[in-house]
Amino acid sequence: MGRGNSIALVLLVLAVAGLPFVTTGSYTLTVGIFSGINALVAIGLCVLMGSAGQVSLGQAGFYGIGAYVSSVLSIKFGLPVALSMIAAMAVASAAAALLAVPALRLKGHYLAVATLGFGEIINVILNEWGPGGPSGFGDIPHLSLFGYTLSSTTSNFYFIWLCVAAGLVFSLNILNSMTGRSLRAIHGSETASIAMGLDIVALKIKVFVLSAIYASLAGALYAHYVTFISPSSFNLFYSVLALMMVVLGGITNVWGGVVGAVIITILPELLRKFEEFDVLVYGLILTLSLLFLRKGLVPLLIEKAARLKGGTDARA
Amino acid sequence: MFTVFLQFLFSGLTVGAVYALVGMGFNIIYNSTSIINMAQGEFVVIGGLFMWFFSETVKLPFFLSAILTVLAAGFVGLLMERFTIKPLKSNDLLLMIMVTIAVSILMRGLLMFKFGKDPYSYAPFTEGEPLNIAGAVIQQQTLWVIGITACCIVLLFLFFNRTMMGKAMRACAVDTTAAKLVGINVSRVVMISFILSAMVGAIGGIAITPISLMEYDKGPMLAVKGFCAAIMGGLGRGRGAVIGGFAIGILESMTAGYIHSGMKDAVALVIMLAILFFRPAGLFGSVAMSKLRKF
Amino acid sequence: MLELKGISKGFGGVKALSLVSLSVEAGSVSALIGPNGAGKSTLLNAISGIDPPDEGEVIFSGERVNRLSPMAIARRGLSRTFQHLELFGEMTVLENIMVGRNARTKAGFLAAGLRLPSGLREERESLSSSEEILDYIKLGHHRDDLASNLPIGEQRVLEIGRALATGPKLLLLDEPAAGLNMRETRDLGELIKRIRTEKGITILLVEHDMDLVMRISDAITVLNFGEVIARGTPLEIQKDPLVIAAYLGDEAA
């Protein structure tokens, strides 16, 4: 996994473990929880974009599937929450595979277009057929594990960031494996990858499904933490937000997804005073970061650090 | 029965006209750059809101307001190209498309800052009794929307076929490198394509606002629908986008009328997915052409 | 090893290849030469499945492959390099070679993500065999450099190494000496000969450098305007009047 990643992971664990002790009240932790949920979506998208070079404009669709399927299964069918979360991820993966198989057969960025359509269709479906329609529904049970129910903010904070850490390690492992190298190879040259005998369509489908699993897990965690959901949390704007996190943090490094998610989640809290400005500031940040830090924050910082060290190890 | 059908048909044609204009806007930029400009819908919003500003707040006469609005939209297109597209100058289409998304959010932010979240409207172009066709009531503005769209289509057609600039733009669409070699100023073509498609979008916005109102965040939905229209007709095909736009508009209003209004927004998207999966070159595009494209 | 029967390929109205037949003996170094635009690269693309032929058959190790995808053909033991280098520029030299081995590994996302023993074992095997290849092509000192930072000569060698990593029976080299200086070309010739004799891999190359072609090839096929105009040993080709007229004469004039 590399020394850089291990150190970063230790720092992350320390920061997460320590945060509840240095803050008073639940506000900071709540923001922390939403950062974690968004980070999961962003990590999945990062793997998809950074390694396979595909873009999804429909992560909100999988995020929504995760939230709705898991909530409905646990309320209407009385399934244990942990089980309904797993079922939700399975549904999201199936949807992703169904979408990706035809879309990825085609050359170019058709996946981007197809996912945009998919995400919006899911939103229409949730509005029309979701329980409660546009106004959503509540009374979603908290997650219980081994007889312990995650109802407090602190317990949710720890569990969600545990999921983030696990998700990070999982995707870092993939990226540093043969599979990850194949994905990066596809990004580098599709022609050569095919000539090496790589099944690039299968790989792209798998990595897209992986990103859907991350997003649906995040959606399920969101639903069982907030206990109330409505379709407006799962619209095109969220898909774009997810994209923004990844672009800001840097698509070539999964840490970028985490950093971007934390920034994008905290930002509106800081901007709360200027309510009229929030869209404007979002737009400005995204535009400027695309124009001036194309690679994203994390890869840029790593490069800077490497240069300070004398350019010994530019890669994480 | 027939009256109701006719009523739906006309309301479909009205929204379809705007989708067609947005779709053509996509094509103009796509042809010269291969970029999908996700800010296309914002140009329509700019059309409606600026027109309101010039005619209702500044109280300028109708024609002057319309001209100023179109020019202003063109200027916004110019700014967008000069400050984001040109400096980036990247071969990474993904990056370029994301920049257009970023700019669209920025524009939305600016529009909200200036106009707030309320919907705006102004008087129809002509006062007078609605027309009655076989029992269906047709607002005069509906005819204006359709008529103006038709004029735009004809003018664009003449521009691309009869003027040097238009021909240069078509040359870029076929092969940018070759166009450069024969001395076409590609950078200017790209700039003009942004100005032109901004203007086309704004015209749509000016015409539709008296009927459907306009607010700062209508852009994304319009962009999605217009994009579906462009995909349906085959990306890059001017005529395809027009037919696609009207087809989507009509199907939408029929769905809303006969099935369920909530399903309306899904129609265009379902059509788009079906086209992508079964006929990726679009209904009117050629497969051989689409293979040459990067997107 | 490789048998082409009546390959034809047109682009629009232009016939790039017409009824090309060719056979490559197992264990030989064969060369495909001809003036620019003769259809050499088109033929390589037809063989490797990147741009399948309109007519004719490609038979590789006794199996008809011209309907198969390039991936499937590659997996049957046919590997190639590219005239315009197609390295994975943002990856290190070692990683480039490791990708060559990837198609032969089985571990998937789950094994990789959870670091299951099966995946780790394959990982170790892949690493050691890739390092072996790196030493074989003498690029060990560039192990952790980015591929795009290598000089062009070493990039060409790296592409050959990456192709070797797939464990091919037949290696297609598309102008491996393009852009190389004299010394690099000589080393390349040695490498090709070593691959043939030490690894027993059959080689088919397209090349413009006549010195190299004459020095290392067992059999040469000459292509002009999409048709085979001569075939034989280097000596026979050098003496063939048709070839001199169509090709070498070109250069003399």
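How many residues does the contact take from chain B and from chain A? It takes 34 residues from chain B and 32 residues from chain A, where two residues are in contact if their C-beta atoms, placed from the backbone, lie within 7 Å.

## Before we start

This is a predicted model, in which local features need pLDDT of at least 70 and side-chain atom pairs count only at pLDDT 80 or more, while totals for chains, interfaces and linings use all residues. Residues are numbered from 1 along each chain as its sequence is written, and chains are lettered from A and ligands numbered from 1 in the order in which they are written.

## Where chain B meets chain A

On the side of chain B that touches chain A, the elements giving two or more residues are α3 (62-88), α4 (93-115), α9 (219-233) and α11 (264-278) of chain B. Helices here are DSSP runs of H or I with at least four residues, strands are runs of E with at least two, and both are numbered from the N terminus. The most comes from α4(B), with 15 residues.

Sorted by class, this side of chain B has 28 nonpolar, three polar and three charged residues. For these classes, Ala, Val, Leu, Ile, Met, Phe, Trp, Tyr, Cys and Pro count as nonpolar, Asp, Glu, Lys and Arg as charged, and the others, Gly among them, as polar.

## Chain B as a whole

Chain B has 12 helices and two strands. Its elements, read from the N terminus, follow the pattern α-α-α-α-β-β-α-α-α-α-α-α-α-α.

The radius of gyration of chain B is 19 Å, close to the 19 Å that the globule rule gives for 295 residues, so chain B is as compact as a globular protein of that length. The radius is taken over C-alpha atoms, and the globule rule is 2.2 Å times the number of residues to the power 0.38. Along its principal axes, the C-alpha trace of chain B spans about 60 × 45 × 35 Å.

## Helices packing in chain A

Let us turn to α11 (residues 254-270) of chain A. Helix α2 (residues 27-52) of chain A packs with α11(A) at an angle of about 140°, their axes 7 Å apart. Axes are lines fitted to C-alpha atoms, for helices over the stretch in contact, and angles run from 0 to 180 degrees between N-to-C directions. This makes α2(A) oblique to α11(A); angles under 35 degrees count as roughly parallel, over 145 as roughly antiparallel, 65 to 115 as roughly perpendicular and the rest as oblique. The crossing of α2(A) and α11(A) is right-handed, a crossing being left-handed if the near helix is turned anticlockwise from the far one by less than a right angle, and right-handed if clockwise. Among the residues making the contact are A:Phe34 and A:Ala42 of α2(A), and A:Val258 and A:Thr265 of α11(A). By class, the residues of this contact divide into 14 nonpolar, six polar and one charged.

Helix α10 (residues 236-249) of chain A also packs with α11(A), at an angle of about 120° with the axes 7 Å apart. These two helices, α10(A) and α11(A), are therefore oblique to each other, and α10(A) passes α11(A) in a right-handed crossing. Residues that meet there include A:Leu241 and A:Met244 in α10(A), and A:Gly260 and A:Ile263 in α11(A). This contact has 10 nonpolar, four polar and no charged residues.

## Where chain A meets chain C

In this contact, 23 residues of chain A touch 32 residues of chain C. On the side of chain A, α7(A) gives the most, with eight residues. That side of chain A has 10 nonpolar, nine polar and four charged residues.

## The sheets of chain C

An open sheet of four strands in chain C has the order β2-β1-β4-β5, with antiparallel pairing; two strands pair if DSSP finds at least two bridges between them. Its edges are β2 (14-24) and β5 (63-64) of chain C, each with a single partner strand, so one side of each is left without a neighbour in the sheet. Strands β1 (residues 2-11) and β4 (residues 55-60) of chain C pair over five bridges, and C:Leu4 has C:Val58 in β4(C) as its bridge partner.

Six strands of chain C form an open sheet with mixed pairing, in the order β6-β7-β8-β3-β9-β10. The twist averages 20° from one strand to the next. Strands β7 (residues 170-174) and β8 (residues 202-206) of chain C run parallel, joined by five bridges, and C:Leu171 stands opposite C:Ile203 in β8(C).
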